[in-house]
Amino acid sequence: MALLPILRYPDPRLHTVARPVQAVDAQIRQLVADMLETMYDAHGIGLAATQVDVHERVVVIDVSEERNRPLVLINPQIVWASEDRQVNEEGCLSVPGVYDGVERAGAVRVTALDDHGQPRTIEAEGLLAVCIQHEMDHLLGKVFVEYLSPLKRNRIKSKMLKARRETERA
Ligand code: K1U
Ligand code: ZN
């Protein structure tokens, strides 16, 4: 297994649209294992392949307190979303230190393949529903800060670029 570097906003590669996985083979299972290790190491509750510069429709999630209930979504599709909208505080491993409220559907139904290539349907609400929608946005090249006002987004962009310059100088 390996820890993968996570792209940081405003890296333009975060805006790449991921392509569907053609076959759930050993290479995809290795990617899933590496993404899970990377997500747990970074103390995240989710990670999309886009964030590790792999542009295929693969997501890993674990919203359990014990950090022992990994969920693997390959080629996920939202087939139903509730009409009720809820605002939740979100964070992102690609935008460290930034948290803000985003409005999303309160519940979703998702179809996907698991890491054995088996089809699954997941009904989600609460934090899992928020996380699934956040990760699926990554696969479409969308980062949560794009839901914020242009003023907030530009401030975040400047803060991230400053942090990157300071890291490069150190
Ligand atoms: O996609 C990512 O970068 C992972 C992200 C997932 C996420 C967190 C919160 C709401 C929606 C999606 C994170 O894991 S950020 C770090 C984190 O663990 C966290 C932050 C805020 C609330 C709960 C957890
Ligand atoms: Zn994110």
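I began in helix H3 (residues 150-169), where Lys 162 and Glu 166 sit 4 residues apart, about one turn of the helix. This is a predicted model. I looked up the contact between the two: Lys 162 forms a salt bridge with Glu 166, with the closest N and O atoms 3.7 Å apart. Lys 162 is partly exposed, at 47% relative accessibility. Glu 166 is partly exposed too, with a relative accessible area of 40%.

**Other salt bridges.** I got a count of 8 salt bridges. One of them joins the side chains of Glu 90 and Arg 104, at 2.7 Å from N to O. Glu 90 belongs to strand E4 (residues 85-90) and Arg 104 to strand E5 (residues 100-105), so this pair ties together parts 14 residues apart in sequence. Buried or exposed? I found both Glu 90 and Arg 104 buried.

Next I took Glu 123 and Arg 109, whose side chains meet in a salt bridge at 2.9 Å, N to O. Glu 123 is in strand E7 and Arg 109 in strand E6, 14 residues apart, and the pair links distant parts of the chain. Glu 123 counts as exposed because its relative accessibility is 54%, and the exposed class lies over 50%. Arg 109, at 29%, counts as partly exposed. I also noted a network of salt bridges linking Asp 11, Arg 13 and Asp 53.

**Sheet.** I then traced the strand order. An open sheet of 5 strands runs E1-E2-E3-E6-E7, with antiparallel pairing. E1 and strand E7 (119-125) are the edges; each has a single partner strand, so one side of each lacks a neighbour in the sheet. From one strand to the next, the twist averages 40 degrees.

I checked two pairings. E6 and E7 are antiparallel over 7 bridges, and Thr 111 stands opposite Thr 121 in E7. These two strands form a hairpin with 5 residues between them, and Gly 117 in the turn has a positive phi of about 80 degrees. Strand E2 (residues 58-61) pairs with strand E3 (residues 71-81) over 4 bridges, in the antiparallel sense. Val 60 has Val 72 in E3 as its bridge partner.

**Helices on the sheet.** H1 lies across E1, E2 and E3, at about 40 degrees to E2. Helix H2 (residues 126-139) packs on the sheet and touches E1, E2, E3, strand E6 (107-113) and E7. The direction of H2 makes about 120 degrees with that of E7.

**Surface.** Last, I looked at a nonpolar surface patch formed by Ile 45, Val 63 and Leu 127, with about 210 Å² of accessible area together. Ile 45 is in the loop between helix H1 (26-41) and strand E1 (46-48). At 32% relative accessibility, Ile 45 is partly exposed.

Technical notes: Residues are numbered from 1 along each chain as its sequence is written. Chains are lettered from A and ligands numbered from 1 in the order in which they are written. This is a predicted model: local features need pLDDT of at least 70, side-chain atom pairs count only at pLDDT 80 or more; totals for chains, interfaces and linings use all residues. Side-chain values use heavy atoms; hydrogens and water are left out. Patches are made of residues with over 30% relative accessible area and no salt bridge: like charges are joined within 9 Å, nonpolar side chains (Val, Leu, Ile, Met, Phe, Trp, Tyr) within 5 Å. Accessible areas come from the Shrake-Rupley method with a 1.4 Å probe; for residues, only the protein chains shown count as cover. A salt bridge is a side-chain nitrogen of Lys or Arg within 4 Å of a carboxyl oxygen of Asp or Glu. Buried means under 20% relative accessible area, exposed over 50%, partly exposed in between (1.4 Å probe, protein chains only). Two strands pair if DSSP finds at least two bridges between them. Axes are lines fitted to C-alpha atoms, for helices over the stretch in contact, and angles run from 0 to 180 degrees between N-to-C directions. Contact means heavy atoms within 4.5 Å.
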